[in-house]
Amino acid sequence: MSEIPLPQTAKRVVPWWLLRHETMLAVILLLALIVLGGLNSRFLTLDNLLNQGRLTTEVGLIALPMTFIIITGGIDLSVGSIVGLCAILLGYSWKNFGFPLPLAICFSLLVGAAAGLLNGIVITRVKVPPLIMTIATLALYRGLAEGISQARSVRGYPEWFYFIGQENLFGVPAQLWLLLIAIVVSAIVLDRTTFGRTLYAIGNNETAARFSGLPVDRVKLIIYTLSGLMAGLSACVLVSRVTTTRSDMGIGYELDVIAAVVLGGTSIFGGVGTIWGTVVGLAMIQLLKNGLALTGVKGDATIVVIGAVLILSTLVASSLQRRRDGV
Amino acid sequence: MTTDAHSETPGTPLLSVRSIEKSFPGVRALSGVSFDAARGEVHALLGENGAGKSTLIKIVSGVFPPDRGEVLVDGKPVDLARPDDARRAGIATIYQELLLFPELTVAENIFMGHAPRAGLGRIDWRAMHEKTNALLASLEIHDLQADRVVGSLSVGNRQRVEILRALSQDARILIMDEPTAALTEYDVTRLFDIVRKLKARGVAVIYISHRLDEIFAIADRVTVLRDGAHVATKRVADTDAAELVQLMVGRRIESLFPKITVPIGKPVLEVKDLERRPLTRSVSLTVRAGEIVGLAGLVGSGRSELAQTIFGVTPADSGEIRIAGRKVDIRSPAQARSLGLAYVPEDRGTQGLVRPMSVRENFSLAALGKVAFGGFIDRGAERKLADDGVKRFAVKTSSLEQIAGKLSGGNQQKIVLGKWLANEPKLLILDEPTRGIDVGAKAEIHRLMGELAAQGLAILMISSELPEVLGMSDRVLVMREGRIVAEFSREEATQETIGAAMMGSHDNAEKAA
């Protein structure tokens, strides 16, 4: 079978069918844009699109490390709870410990990273499956957040803090710059570095990666820590945008994040995926939500549509893969 | 040939395959292959990987249809569109990867899908056990109970369960795809006993194996395939190993074991009292530059465990390892690699190769540091590394971007070997380097080993094939129950001395290494 010529696209780093998957997704996205734009004149305006970018940043920041994690065949369900914990600690340490706000921000980012590191340590040292470990910390971190906040919200932050969440920089929402930088860095890391290659190797065959002398455990620790750190960053952006801190912040984020990553063609079984796919997945979900809402579709129906799109894309992806494998 | 109740003319073969052709996109897998098997005949199929054996048996077992040609059972053409059709025609196939349910019992596995029924569609458990016991008795298997869970059985016993399952469906034609690949010597002997019993019952056995000695031990006739074409069918009594190898590869293999005598240098690896229970017990050994040390032993004697302990996969509990005279404490494969160690593991598919990744990515996997600068992979350097590897090891691949898992076993093994050599190691540990690969690729790997030793590489080779151990090694160590129990120089080593030490019938006063 070794003589079968592969299609030209196989010259790229990623398998050709994945490129196809992303292309296909981008085409669907484009069609959806045109249709929704035709139905509602407010949809396809620069203002609206930029605003959607603002709204998707919090999920987007977490979706990038989640792409890394899912490529290794892992998962992190605790990210939503880490957002809640970090948001609470940001407010609490500022108000109750009397930390200056910049220090409080650093503290909350640190806690986010530590929460992720804890996931990583238990997953690599004790060999608890990531699904189990992060379900446990999903409950644990949320419980901590609620315990610390005692159902009290924190508000009244200084004016400068709202810049990142509400202002524009060069005509683009400030937090969107943050997301854009994170996207570019993640994409380069995944595509061009030994770190990125190690992620794919772990997802495709962890034993062989280990036997080849790749630092499997260290890499896993790094990605789970990164995931916690980005959840912390997302919490800061979220608090700045909504001007208040509550313990129920970030509930359900893990599902939005995983949906975007998987919709973008990253295989839940590991080994396959790109940052570009995740970006398209993010855009797709956010714009569908917004477009449908603007056209007067009710909230429940929007969720149904998004669920249907997710199933559809998974079906197409698996049929493309089956064709590739020649089964 | 045995006679039985069937009433065809005596000359009709039980299974007859006529001018089978099969193409896949881009390759012609079979071009007009014919062979037949009579009742009570063991007919061996021989050929290098990629010769078309697997395609042929998949056609006969109904996995996919041929483009042209037909399969006849009892002289009548049968339509084998689906595996179920083959089963009905009395054809059963035992694949290399056994298809059993590990959580279920022996009886449940045997009767999966055709369990005896009582009223209302309930399973008649008593009848099922009785039938299982009858099957066991008919093959004189006394150490297997019907209610044992299959997952707890040895590979040999699982294979027996598969054979029993085939018999429970009244299979008259049994196809066995490399049945001895994972068996111990003892299990091989027992398998042959069973095959002889089946033969006596009039079952036709299609036997696929790379091991020539097995073909001479068990087969009546042998059909050789090469590049999808039928090369020859011979009576085993009328041929010899050299002729078969020549037919198979289409050329003469000059010497199967080209060990060149080279000057032995300084010790590269010195291991003293290495301990990692349960399977590494107080092991001491030395491998010198330019030396190939063979490590023999039965399956389960602790050879792979020793290799993985040295390589840091399962770090040692106590003991001393010296690399080039310097004491080291190896805690991980990454560390072992940076010390100049390389380990080509036993299981290519799960430990050696990242099958879904490309040839290029596999070649650079253990040597990423060599093609990356500041963590960034230099694509050009990586491609060059892989390209050099493909050329040096003559890997047959359509491109560097070919998915490595789709190559033949021999080519996969060359990639795993090449991936490690790209790192320029001082010590190479090879764990079953030629298991399951064809004669041509095997000879190439042996030639490479000889060359590498000549360049001063120290090689520790684990092998279950005694001819390989004898042919390639400068020294032979024998392991049993986690200990090194004997050491032989090249001159002292023979099948008998090594075999005896492996089995433990050897005098224990034998000098331990």
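**Figure 1. The loop of chain B that holds B:Asp170, in a predicted model.** B:Asp170 sits in the loop that runs between helix α5 (155-168) and strand β7 (173-177) of chain B. Its phi is near 60°, a positive value in a residue other than glycine. Most residues other than glycine have a negative phi, and most peptide bonds are trans. B:Asp170 has 10 C-beta neighbours inside 10 Å and therefore counts as exposed.

**Figure 2. B:Ser19 in strand β1 of chain B.** Strand β1 covers residues 15-24 of chain B, and B:Ser19 is placed in this strand. Phi of B:Ser19 is positive, about 40°, although the residue is not a glycine. Because 14 C-beta neighbours lie inside 10 Å, B:Ser19 counts as partly exposed.

**Figure 3. The loop between β11 and β12 of chain B, with B:Pro278 and B:Leu279.** The loop joins strand β11 (267-276) to strand β12 (280-288) of chain B, and B:Leu279 belongs to this loop. B:Pro278 is also placed between β11 and β12. The peptide bond leading from B:Arg277 into B:Pro278 is cis, with omega near 5°. B:Leu279 has 20 C-beta neighbours inside 10 Å, so this residue counts as buried. Leaving aside residues up to four places away in sequence, B:Leu279 touches B:Gly302, B:Glu305 and B:Gly482. For one of these pairs, B:Leu279 and B:Glu305, the C-alpha atoms are separated by 6.4 Å, while the two residues are 26 residues apart along the chain.

**Figure 4. The six-stranded open sheet of chain B.** The strands follow the order β16-β19-β20-β13-β21-β22, and their pairing is mixed. Strands β16 (341-344) and β22 (483-489) of chain B stand at the edges; each has a single partner strand, so one side of each is left without a neighbour in the sheet. On average, neighbouring strands are turned by 20° against each other, direction ignored. Strands of a sheet pair through backbone hydrogen bonds, either parallel or antiparallel. Within this sheet, β13 (residues 292-297) and β20 (residues 458-462) of chain B pair in the parallel sense over four bridges. In β20(B), B:Ile459 is the bridge partner of B:Ile292.

**Figure 5. Helices α9 and α16 of chain B against strands of the sheet.** Helix α9 (residues 303-310) of chain B lies across β13, β16, β19 (427-431), β20 and β21 (475-480) of chain B. Its direction makes an angle of about 150° with β19(B). Helix α16 (residues 439-454) of chain B lies across β13, β19 and β20 of chain B. The angle between α16 and β20(B) is about 150°. B:Glu305, one of the residues that B:Leu279 touches, falls within the span of helix α9 of chain B, residues 303-310.

**Figure 6. The side of chain A that touches chain B.** In the contact between the two chains, 27 residues of chain A meet 37 residues of chain B. On the chain A side, the elements that give two or more residues are α8 (194-204) and α9 (206-211) of chain A. Helix α8(A) supplies the largest share, six residues. The residues on this side of chain A divide into 13 nonpolar, nine polar and five charged.

**Figure 7. A:Phe269 in a loop of chain A.** A:Phe269 is placed between helix α11 (253-263) and helix α12 (275-294) of chain A. With 10 C-beta neighbours inside 10 Å, A:Phe269 counts as exposed. A:Phe269 and A:Gly203 are 66 residues apart in sequence, and their C-alpha atoms are 7.4 Å apart in space.

**Figure 8. Fold and confidence of chain A.** Chain A has 13 helices and four strands. Its C-alpha atoms fill a box of roughly 70 × 55 × 35 Å along the principal axes. The radius of gyration of chain A is 20 Å, which agrees with the value near 20 Å that a compact globule of 327 residues would have. Of the 327 residues, 50% count as buried. Among contacts in chain A with a separation of 6 or more, 77% come from residues 24 or more positions apart. The mean pLDDT of chain A is 85, and 91% of its residues reach 70 or more. Confidence is highest in helix α10 (residues 216-242) of chain A, at a mean of 95, and lowest in helix α13 (residues 299-325) of chain A, at 73. Over residues 1-13 of chain A pLDDT stays under 50, and the model has 32 contacts beyond four places in sequence for this stretch.

Conventions
Residues numbered from 1 in each chain as written. Chains lettered and ligands numbered in written order. Predicted model: local features only at pLDDT ≥ 70, side-chain atom pairs only at ≥ 80, totals over all residues. Pairing = 2+ DSSP bridges. Axes fitted to C-alpha atoms, helices over the stretch in contact; angles between N-to-C directions. Contact = placed C-beta atoms within 7 Å. Nonpolar A, V, L, I, M, F, W, Y, C, P; charged D, E, K, R; others polar. Buried ≥ 20, exposed ≤ 12 C-beta atoms within 10 Å, placed from the backbone. Rg over C-alpha atoms; globule rule 2.2 N^0.38 Å. pLDDT = per-residue confidence, 0-100.
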